[in-house]
Each structure stands twice: as structure tokens, then as C-alpha cells.
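Thanks for coming. I will go through one structure today, residue by residue where that helps.

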Amino acid sequence: MQPTSPPPQGTVDLRRRSLIVTSGIVAVGLQLPLIGCSRQPTATSEAPPTPTEHWSKAMGTFTTKDGTNLYYKDWGKGPIITFSHGWPLSSDSWEAHMFFFASQGFRCIAHDRRGHGRSSQPSDGNDMDTYSDDLAQLMEHLNVTEATMIGFSTGGGEVARYIGRHGTKRVKKAVLISAIPPLMLKTPANPNGTPIEVFDGLRKAFLADRSQFFRDVPSGPFYGFNLPGAKPQQSLIDFWWLQGMMGGYKNTYECIKVFSETDLTEDLKKFDVPTLLVHGSKDQVVPIVAAAEAAAKLVKDNKLLVYEGAPHGLVDTYRDRLLADVMTFIRG
């Protein structure tokens, strides 16, 4: 039997992503009828946003100076809002929020960070400086001005490092939600941080079985589904897993070090625009004491909203309240 040559790497990637997407769609599709029947009405479901004549939908790719292709969505027309996603997710995690704001007369831009979602998976550049530089290049490419920058979790670190390295000439306001700044890691100077053993445990679980790890995180602490009385929402767990598995293996592994050990203290001190901080009191992933409460002492012009009882993933579980609070902040 003649040995066969391996297919080109690009073909492998496409086949792999196709399998992931297909399996994910099947998994989610099997759950939809039951979830749809059991989900409680929300403010947005009672009064759903209606796309107007000013709403449009576009997506594309942009190539950075080092040749990395970034996937992005650019929806709507009007004042600009940019969205930076958490680890190991993608711009898809913002789709409901973008739809809402685009329907309200805003232009909404979100990208898949390098190594995540549909963007390239380069070996290099898995660090916060490069993440922020990628975002700066994309914002210049799309002629972004007077933007409200929203970042969730690791995305909040991306926004902070962007302002720290590139200033606020294109920024009007900032929103950090369940965000990692100033520093997650426990150090002598940051005694309220999380011990390194916790992040070593994340790396160990990742290497042992990434797919199972990416089910365990959203099934447990991310949405607070591990707390007494919690009712896990399978659709959220499936969607989280699907986005995570689309990311690069090396990229998402190395990003654990990025979100846990990058010190963003000096970046927060450079904020000179109104900033909204939103954090849940029951956040088990990025505990509030070393995050929003510490950030509030560093950012000059800030407003801190604490959602009592809310988990890390409040962008989904408290979405209606969050949309209302962010809208009030942007229009205020």
C-alpha cells in the first residue's frame, strides 16, 4: 500500500472547522425546541429590537502588518461601538448585543482576536500588546472615531492595553464588563489576586482534554451553574464550547497566561474618558475584589455597577439589564 501525502494544512483547517461547526449546530439544534419552551420572557423578547432602514450587515477580513487575517463584523450606521470578546470566545459572543445596538442606530464593530474564531492562528503574537496593536490597525482601517469601546473579561484587558498604548484619540467612552484589569494573578503587590496554582490547573485541564475543559468551564463557574439552585442553560454551554473549539490550540492555551499575568495597572491610569465598570458580586472566574473594585481606584472618571449575585458571564445571563445600563451610559 502506497503511503499517502497529508493534505495541505489549509485543507485540514477547513475540514476541522467544518466538522466543529456542523457538530455544534447539530448539538445546539437538538436542544432548541426544549430550551425555547422553557426560557423565561425577557425585556428584549417582550419588545424585540426592529431593524430599521439604517441597519445593515457586513463582515469581512483585514490583514495586519504581520500578515495575520482578522475576521470582523461591521453592522449598522451611527455612533460607533466596538466590542472585544472574552477568552476563548469570538465576536459571535456579542451578536445579540450588536443586533440590539445596531437596531437602535449605532454602528457596531467586533472582531475575532488573532488565534480565536475565524481569524488566523499564528504562532506568534499571543500577548496583550499584539492584541491591542491588531485592534488599533483594524480601527484605523475602518476609520473608527468617537467610539465607545466595550470589553468583556480578556476583552476588557484588550481595551485597557489599547488605551494604554494608543491613547483615546479615537475613543469617546469605555465599558469594562467582568474585566480582568488591573491584574488577575496574586503577587506581593496584588494580594487579592488569584494564586498561580489555579491557572496552572487550567493549563493542566486544557492539555488533558481541551474539548471537555471547554464544556466544564461554561457548565460550572463561568455562568455560575455550579452554584446551589442554579439551572444550567444548555444552549449557553453549547455556544460557548462551539466558539472555544474554533480557536487555535496553541493560541487559546497561551492566552491563559495573557489574561492571568498581564499587569494592566499603568494602562488604567492613562484612561481619560468616562468609563463604566460592570461586575458581578458572584464572579468566580475574575473575582471582583481584584478586578472592578481595584480598577475603580485607578480609572479617573468611572462609574462602578455591581450586579448582586451575578456570575462572570453576566453578558448573557443579565443581558437585558446590561443593555439598558450600557445604553444609559452611552447616551448620558
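Leaving aside its neighbours within four places in sequence, which residues is I163 in contact with? They are T168, A174, K270 and F271, where contact means heavy atoms within 4.5 Å.

Before I go on, a word on the source. This is a predicted model, in which local features need pLDDT of at least 70 and side-chain atom pairs count only at pLDDT 80 or more, while totals for chains, interfaces and linings use all residues. Residues are numbered from 1 along each chain as its sequence is written, and side-chain values use heavy atoms, with hydrogens and water left out.

Back to I163. Its place is in helix α5, which runs over residues 154-166. Helices here are DSSP runs of H or I with at least four residues, strands are runs of E with at least two, and both are numbered from the N terminus. Is I163 buried or exposed? At 2% relative accessibility, I163 counts as buried. For these words, buried means under 20% relative accessible area, exposed means over 50%, and partly exposed is in between, with a 1.4 Å probe and protein chains only. I163 and K269 are separated by 106 residues in sequence, and their C-alpha atoms are 9.8 Å apart in space.

Now the whole protein. It has 13 helices and 8 strands. Of its 332 residues, 52% are buried. Take the contacts between residues at least 6 apart in sequence: 76% of these join residues at least 24 apart.

Next, two helix pairs. How do α3 and α13 cross? Helix α3 covers residues 95-103 and helix α13 covers residues 319-331; their axes come within 11 Å and cross at roughly 45 degrees. Axes are lines fitted to C-alpha atoms, for helices over the stretch in contact, and the angles run from 0 to 180 degrees between N-to-C directions. That angle makes α3 oblique to α13. On the scale used, angles under 35 degrees count as roughly parallel, over 145 as roughly antiparallel, 65 to 115 as roughly perpendicular, and the rest as oblique.

Ala, Val, Leu, Ile, Met, Phe, Trp, Tyr, Cys and Pro count as nonpolar, Asp, Glu, Lys and Arg as charged, and the others, Gly among them, as polar.

Not counting residues up to four places away in sequence, H97 touches F83, V315, D316, R319 and L323.

The second pair is α6, residues 196-208, and α7, residues 210-219. Their axes come within 5 Å and cross at roughly 130 degrees, so α6 is oblique to α7. L202, A205, F206 and A208 in α6 meet R210, F213 and F214 in α7. That contact divides into 6 nonpolar, no polar and 1 charged residues.

Some backbone details follow. Which way is the peptide bond from W87 to P88, cis or trans? It is cis, with omega near -10 degrees, and P88 lies in the loop between β3 and α3. The bond from P181 to P182 is also cis, with omega near 5 degrees; P182 lies in the loop between β6 and α6.

Phi is positive, near 55 degrees, at N143, a residue other than glycine. N143 is in the loop between α4 and β5 and counts as exposed at 54% relative accessibility. For S153, phi is likewise near 55 degrees. S153 is in the loop between β5 and α5, and is buried, with a relative accessible area of 7%.

Last, the cysteines. How many disulfides does the structure hold? The count is 0, a disulfide being a pair of cysteine sulfur atoms within 2.5 Å. C108 is buried at 0% relative accessible area, and C255 is buried at 0%.
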